[in-house]
Amino acid sequence: MDVVWTPQPRQALFMSRPEWEAFYGGAAGGGKSDVLVVEALRQTEIPWYKGILFRKTYRQLGELLDKADRYYPRAVPGARYNAQQNCWKFPSGAKIYFAGMQYTKDREKWQGWQFDYIAFDELTHFSFDEYSYMFSRNRPSGPGTRTYIRATGNPGGIGHGWVKQRFITVAPPGVPVKRKLEWIDAKGEKQTGWRYRVFIPAKLQDNLALMKNSPEYVMNLSALPEKERSALRDGNWDSFSGQVFTEWVNDSDHYEDQKWTHVIEPFRCPKHWRILMGYDWGYSKPFACGWYAVDERGKMYMIRELYGCTGDPDVGVQWDVARTAAEIRRIESEDPNLQGRRVERIADPAIFQGNSEGSIAELFERNHVYFERGDHERIAGKMQMHYRLQFDEIGEPMLQVFNTCTNFIRTLPSLVYSSIDVEDVDTRQEDHLYDQCRYVLMKRRISPKVREKEEIPGDDPLNLYEAKRYGMLRRG
Ligand SMILES: Nc1ncnc2c1ncn2[C@@H]1O[C@H](COP(=O)(O)OP(=O)(O)O)[C@@H](O)[C@H]1O
Ligand SMILES: [Mg+2]
């Protein structure tokens, strides 16, 4: 028999998973795209079967189409490609589509379609909206088909944060995560069901074919700069290129002594410290509030957060102003660090724009929550964040965050640079808690610490310089 393709052990594990959603991720060259393309063939003997594979852009799709060209006609004789529809048709009548989704609106094209198999290659290039929209299209196209979703990707990209949260940090690799779903059926009755998802890590070393055929590929990956190497060769989700706040440190060994870490154990703030609050507006996207205490030296502590997110990445709770204002007032009257204190609130300037019913800021005023207009100069705000995160000689930064502010701690280190405005944070990510923080930092600007110029040693065989820069030798 002519064997067209045999899964490697890690690919076989991914292909054997029963979960509805599975993500095969990590190192480049792990055989990720190959497995998605081949998996699509599984139900092609069923005449009504439909599958679809996505890449972010049509240009990138070429790589998947090349793989399909190589495998499909040999695996299923009689399979034909229709270039106009970007669709492979099989003798049974089954179809596999290939599509780009460069802009979120491109997803509308698939409204009303049904697919049994939906796959995303390089999922970290997509927003959660784009990915989750396709859930609604994952319905059987006829009796007897299995419906499921598969995706692959590397660390980095605008989707890094949500992909990491959804698949990597929720559970150990290979351990399914279960989520309860409730919906109202056609008869108006409440139904419940369970959805499962799982993460299978891809390692370069698992791709024996590639290691054998092109050992130079591994060498190329090893020659990359530290962050890229760690992400692409080792599939490390804590380190990736394009990260904006690379100086961010969350070291639980130092929550108590507060040294060389941005995240710390909460404490009771002295009564005379000033309290500031930042607010970023959102409705279908999350809104974000942060409360800050400022000590005598101007150092800020983020002491409390309120994040209007449903729990699905970047999906807002859609509260009206009255409800948000009530929650803000409740927190300020109950939190021991905020009770009875004067709070200076600073907001996204967008909330001052009026329409016929008045501005959002006015609506807040009617609910006894007063804001001043924040400065949203983006690059200056970003620089303020960098200045504040910088450690001094004894490991003290000018901004620290209570470890109870979990959403801020999760989203800040995931932010990546924009590919359009290369100096700025990409705004297509979960950047709302960062935004509220920027408004507050711009209210109390600081200047950068003057540091002695670092010397990069020419001869450093143990790579101690790098290790020091990334904080690995901090305590020595
Ligand atoms: N099971 C397999 N058998 C043979 N070759 C494979 C297999 N899986 C992957 N490859 C080859 O290894 C290379 C890298 O695989 P690919 O799926 O493109 O990796 P990734 O998408 O993870 O970067 C490709 O040339 C691919 O054809
Ligand atoms: Mg690939």
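In which sense do strand β4 and β5 pair, and over how many bridges? They run antiparallel, with three bridges between them. Keep that pair in mind for the views below, which come from a predicted model: local features need pLDDT of at least 70, side-chain atom pairs count only at pLDDT 80 or more, and totals for chains, interfaces and linings use all residues. Residues are numbered from 1 along each chain as its sequence is written, while chains are lettered from A and ligands numbered from 1 in the order in which they are written.

**View 1. Strand β5 and its partners.** Strands here are DSSP runs of E, at least two residues, and helices are runs of H or I, at least four residues, both numbered from the N terminus. Two strands pair if DSSP finds at least two bridges between them. On one side, look for Cys87, whose bridge partner in β5 is Tyr97. Five residues sit between β4 and β5 in their hairpin, and there Gly93 takes a positive phi near 115°. Strand β2 (residues 50-55) pairs with β5 (residues 95-100) too, in the parallel sense and over six bridges. Spot Gly51 and you've found the bridge partner of Ile96.

**View 2. Strand β7, tucked away.** A residue is buried if 20 or more other C-beta atoms, placed from the backbone, lie within 10 Å of its own, exposed if 12 or fewer, and partly exposed in between. Five of the six residues of β7 (residues 148-153) are buried, so this strand is largely enclosed by the rest of the structure. Strand β1 (residues 21-26) pairs with β7 in the parallel sense over five bridges, and Phe23 stands opposite Ala151. Strand β6 (residues 117-120) also runs parallel to β7, joined by four bridges; Tyr117 has Tyr148 as its bridge partner there.

**View 3. Ala40 in the largest nonpolar core.** A nonpolar core is a set of buried Ala, Val, Leu, Ile, Met, Phe, Trp, Tyr and Cys residues joined through C-beta atoms within 7 Å. This one has 52 residues, and Ala40, Leu53 and Ala119 touch the most other members. Leaving out residues up to four places away in sequence, Ala40 touches Gly51, Leu53, Ile96, Tyr117 and Ala119. Another core lies apart from it, with 48 residues, including Val321 and Phe371.

**View 4. Met1, out in the open.** You'll find Met1 in the segment before α1 (9-15). With 3 C-beta neighbours inside 10 Å, Met1 counts as exposed. The C-alpha atoms of Met1 and Leu338 are separated by 73 Å.

Technical notes. Contact = placed C-beta atoms within 7 Å.
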